[in-house]
Amino acid sequence: MIDKDVVLGKGVKIFNSDQVNIFGCVIGDNSFVGPFVEITRNTIIGKNCIVESHSFLCDSVILEDNVFIGHGAMFTNDLYPMVGMHVQYLKTIVKAGASIGTNSTIVAGVTIGKNSVVGAGAVVTKDVEDYSIYAGNPAKLLKRFNSKEEIIAYFRSKQKLSEK
Ligand SMILES: CC(C)(COP(=O)(O)OP(=O)(O)OC[C@H]1O[C@@H](n2cnc3c(N)ncnc32)[C@H](O)[C@@H]1OP(=O)(O)O)[C@@H](O)C(=O)NCCC(=O)NCCS
């Protein structure tokens with residue numbers, strides 16, 4: 001279900017609108033949303049983002065442009081959840097070009113830095129620096145680079161590009 005109040009940019013691709021639960025949010029131009037994703041109110045997704053299947057983006061999550069959200073990544077917005085207690089949600093920001101690994105959990109209120117990578121299965125409890133790689137539970141710094149070009153050069157040194 002995609003609620004009528006959702007603001008969809010140009011060229012947004014939703015894999016199957018019957019297999020998602022999306023309401024009260026904004027999804028920027030040319031972004032992709034896979035199946036079995038829930039995106040709730042007050043979430044803002046930038047342009048050219050990819051949100052892979054089974055992920056959950058909750059109230060007060062902001063993705064800047066070119067962000068990758070791996071399969072089954074989970075965001076949170078309440079550090080001490082309790083039935084009957086309504087709190088002001090903490091804002092979580094994923095900066096431009098960052099990638100969140102499969103099955104990771106992002107604890108409320110953190111900022112994930114520009115062009116950084118969060119490893120598969122990480123639990124992120126603190127801010128992630130720009131141009132860095134974090135992994136583990138709790139997520140720790142594995143590597144830090146000085147620029148987008150440097151971190152991309154590292155990725156290219158680790159795996160080959162495909163034809164497409
Ligand atoms: C974290 C990641 C980016 C690799 O980063 P890296 O800095 O190149 O890491 P390295 O391969 O040099 O490994 C460094 C150490 O981190 C460990 N490590 C690597 N990935 C890890 C992860 N996801 N969680 C915990 N530890 C991890 C390695 O085992 C190694 O440990 P050691 O020093 O004890 O041997 C990568 O493993 C990863 O998880 N990528 C995300 C994959 C994903 O979710 N893709 C989604 C689309 S399919």
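## The shell around the ligand

Strand S19 (132-135) and strand S20 (140-144) each contribute at least two residues to the shell around the ligand. The residues around the ligand are Gly 70, Gly 101, Thr 102, Val 117, Gly 119, Ala 120, Gly 121, Ile 133, Ala 135, Gly 136, Leu 142 and Lys 143; a residue is taken as near the molecule if its C-beta atom, placed from the backbone, lies within 6 Å of it. By class, five residues of the shell are nonpolar, six are polar and one is charged. In this scheme Ala, Val, Leu, Ile, Met, Phe, Trp, Tyr, Cys and Pro count as nonpolar, Asp, Glu, Lys and Arg as charged, and the others, Gly among them, as polar.

This is a predicted model, in which local features need pLDDT of at least 70, side-chain atom pairs count only at pLDDT 80 or more, and totals for chains, interfaces and linings use all residues. Residues are numbered from 1 along each chain as its sequence is written.

## The eight-stranded sheet

S19 and S20 belong to an open sheet of eight strands in the order S2-S5-S8-S11-S14-S17-S19-S20, with mixed pairing. Two strands are said to pair if DSSP finds at least two bridges between them. Strand S2 (13-14) and S20 are the edge strands, each pairing on one side only. Within the sheet, strand S8 (residues 50-51) is joined to S11 by two bridges and runs parallel to S11; Val 51 has Ile 69 of S11 as its bridge partner.

S19 and S20, by contrast, run antiparallel and are joined by four bridges, with Tyr 134 opposite Leu 141 in S20. These two strands form a hairpin with four residues between them, and Gly 136 in the turn has a positive phi of about 100 degrees.

## The six-stranded sheet

Another open sheet consists of six strands in the order S1-S4-S7-S10-S13-S16, with parallel pairing. Strand S1 (7-8) and strand S16 (111-112) stand at its edges with a single partner strand each, so one side of each has no neighbour in the sheet. Strand S7 (residues 44-45) pairs with strand S10 (residues 61-63) in the parallel sense over two bridges, and Ile 44 stands opposite Ile 62 in S10.

Thr 43 lies in the loop between strand S6 (38-39) and S7. It counts as buried because it has 24 C-beta neighbours inside 10 Å; the limits are 20 or more other C-beta atoms within 10 Å for buried and 12 or fewer for exposed, with partly exposed in between, and C-beta atoms are placed from the backbone. Thr 43 and Gly 24 are 19 residues apart in sequence and 7.5 Å apart in space, C-alpha to C-alpha. Leaving out residues up to four places away in sequence, Thr 43 touches Cys 25, Leu 57, Asp 59 and Val 61, a contact being a pair of C-beta atoms, placed from the backbone, within 7 Å.

## The nonpolar core

Which residues have the most contacts inside the largest nonpolar core? They are Ile 100, Ile 112, Val 118 and Val 124, in a core of 35 residues. Such a core is a set of buried Ala, Val, Leu, Ile, Met, Phe, Trp, Tyr and Cys residues joined through C-beta atoms within 7 Å. The elements that give two or more residues to this core are strand S9 (56-57), S10, strand S11 (68-69), strand S17 (117-118) and S19.

Val 118 is in strand S17 and is buried, with 29 other C-beta atoms within 10 Å. The C-alpha atoms of Val 118 and Ser 99, 19 residues apart along the chain, are separated by 6.3 Å. Beyond four places in sequence, the contacts of Val 118 include Ile 100, Ile 112, Val 124 and Tyr 134. Val 124, with the same exclusion of residues up to four places away, touches Ser 104, Ile 106, Val 107, Val 110, Ile 112, Val 118, Tyr 134 and Ala 139.

## Overall dimensions

The protein chain contains one helix and 20 strands. Its radius of gyration is 16 Å, close to the 15 Å that the globule rule gives for 164 residues, so the chain is as compact as a globular protein of that length; the radius is taken over C-alpha atoms, and the rule is 2.2 Å times the number of residues to the power 0.38. The C-alpha trace spans about 45 × 40 × 20 Å along its principal axes. Buried residues make up 37% of the 164 residues.

How values were computed:
Contact = placed C-beta atoms within 7 Å.
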